[in-house]
Amino acid sequence: MSFESLGLRAEILRAVSEKGYSTPTPIQQQAIPPILEGRDIMGGAQTGTGKTAGFTLPLLHRLMALKENADNNTNSNNSNKGRRALRALVLTPTRELAAQVAESVHLYGKYLPLKSTVIFGGVSINPQIKKLRDGIDILVATPGRLLDHVNQKTVDLSQIDILVLDEADRMLDMGFIRDIRKVLALIPRQKQTLLFSATFSNEIKRLAQDLLNSPALIEVARHNTATETVTQVIHPVDKIRKRELLSHLIGSNNWKQVLVFTRTKHGANRLSEQLKTDGITAAAIHGNKSQGARTKALADFKAGRICVLVATDIAARGLDIDQLPHVVNYELPNVAEDYVHRIGRTGRAGNEGEAMSLVCVDELKLLRDIERLIKKEIPKVVFEDYRPDPSIRPEPINNGRGKQSQHSRKQNGSRTNSNSNSPRSNANGRSNSRPNGQRSSGNRSSQRTQSAR
Ligand code: AMP
């Protein structure tokens, strides 16, 4: 199937072909025709599937048709001709995703007379107000900042024809449901709505029920797609030695670009600082960072100026970083589905990828949940020098919200001691740190982990 056969306008096809795409991805093949027909969509798709172009290309096509229609209708009495009204709104959970979607809208629409802009928090509102005042057709926004504009009456949502909710599940996870409902109340009921979500919780289903009108159901990436294409491994290790092991892995393998996940913002900051003291260039990216710092960290990482990007799940969601060779779960996520999203950052578009998880005894329950979700056991490989101490008992996981337990405080304290153990030599690799055991379920480490469950 070709883009031409989907019936998109020549100006859009030209932009797509200049971008170098020749064949629509499965989600594009499935989503573009019903969107062009004006139907609502309920799309199960993650980033990496080509979802953005999947809704942006037909959205641009439809807007042009609507615009031309409106212009023809106002031809007779010329009063409204040429006046720009905001016709399409794309809501995204994160600033990064908003910026990426806006970039796509701009790129694919470059041969069309449509104006678009992006608004998100963390940056000054005034330039955004000016752009909105100048008149735009397409707005990409995060919910919080959009509501700021609504409150200041600097945006008019009363003429929206097409609404896109991108990564709706993540927006709900981030607590945006009230903001979204407020926004929805300001948008005409009669419109085309495209809802994309990687997961379908009851809350998402309720939102979809309220919002969508006989939607076309589209599902491309099954939850575990990435789990089939990405090489995964678990390295059992004590919590206090994770950072040392990570530095060792990076140094001894000479990795140049590693995305590392932590569970908390604080943990991301701390790890990034610790890696720097190990002589490894690193930056943290999470919701408490200023927009400038987040943009810079991502740009530095993409350009190879820093080796490690330490991210929380929310910050990393939707980042368009192609062909990442290594993803490390420094800590397992609390929600098993986030594991699949995380490892989906590597091995994209047919590239080889490797995802490894440093798992301590506290996380064995989370690991069990993940393995249940992906319906397979992840091979365990123990590094002899980092073999977990069998006397350490599991304890509840601290998510950075409550107080730390005495035990974990003590462990963090002793981490300082282990740090003084020449971390740079770890970063440069140690000859006796070879993994013992093969990546098969029959090896000793696997048996050990299984018996620890
Ligand atoms: P997305 O899921 O929208 O984040 O897209 C994932 C990546 O796939 C992006 O880097 C896009 O530029 C790329 N992409 C989207 N559509 C196509 C296509 N038809 N052919 C090749 N690459 C594509």
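## Elements and model

Helices (H or I, at least four residues) and strands (E, at least two) are DSSP runs, numbered from the N terminus. In these terms, Asn254 lies in the loop between helix 11 (242-253) and strand 9. The structure described here is a predicted model.

## The ligand and its shell

How many residues surround the ligand? The shell consists of 16 residues. The closest of them are Tyr21, Gln28, Gly48, Gly50 and Thr52. By class, the shell comprises three nonpolar, eight polar and five charged residues. Two domains contribute to the shell, with at least three residues coming from each of domain 1 (4-219) and domain 2 (230-394 + 407-414 + 429-446).

Tyr21 places a polar side-chain atom 2.3 Å from an oxygen atom of the ligand. Gln28 also uses a polar side-chain atom, which lies 2.8 Å from a nitrogen atom of the ligand. In the case of Gly50, a backbone N or O atom lies 2.8 Å from an oxygen atom of the ligand. The ligand taken alone exposes 490 Å², and the protein buries 79% of that area.

Where is Arg263 placed? Arg263 belongs to the loop between strand 9 (258-261) and helix 12 (265-277). Its relative accessibility is 17%, so Arg263 counts as buried, given that the term applies under 20%. The side chain of Arg263 makes a polar contact with the side chain of Glu363, at 3.5 Å.

Asp313 is 50 residues from Arg263 in sequence, yet the C-alpha atoms of the two residues are 7.2 Å apart in space. Asp313 is part of helix 14 (residues 313-316). With a relative accessibility of 14%, Asp313 counts as buried.

Most residues other than glycine have a negative phi. Lys153 is situated in the loop between helix 6 (143-151) and strand 5 (162-165). Is Lys153 buried or exposed? Lys153 counts as exposed because its relative accessibility is 73%, and the limit for that term is over 50%.

## Other pairs linked across the sequence

Val335 is located in the loop between strand 12 (326-329) and helix 15 (336-343). At 44% relative accessibility, this residue counts as partly exposed, a class that falls between under 20% and over 50%. Val335 is 31 residues away from Leu366 in sequence, and the C-alpha atoms of this pair are 7.9 Å apart.

Gln100 lies within helix 4 (residues 95-108). Gln100 counts as buried because its relative accessibility is 15%. Along the chain, 18 residues separate Gln100 from Val118, and the distance between their C-alpha atoms is 9.6 Å.

## Cysteines

How many disulfides does the model contain? A disulfide requires a pair of cysteine sulfur atoms within 2.5 Å. By this rule the count is zero.

Conventions. Residues numbered from 1 in each chain as written. Predicted model: local features only at pLDDT ≥ 70, side-chain atom pairs only at ≥ 80, totals over all residues. Heavy atoms only, no water. Near = heavy atom within 4 Å. Polar contact = N/O pair within 3.5 Å; in protein donor to acceptor, adjacent residues only side chain to side chain. Areas by Shrake-Rupley, 256 points an atom, 1.4 Å probe, with all protein chains shown as cover. Nonpolar A, V, L, I, M, F, W, Y, C, P; charged D, E, K, R; others polar. Domains from an automatic or database assignment. Buried < 20%, exposed > 50% of the residue type's maximum accessible area, 1.4 Å probe, protein only.
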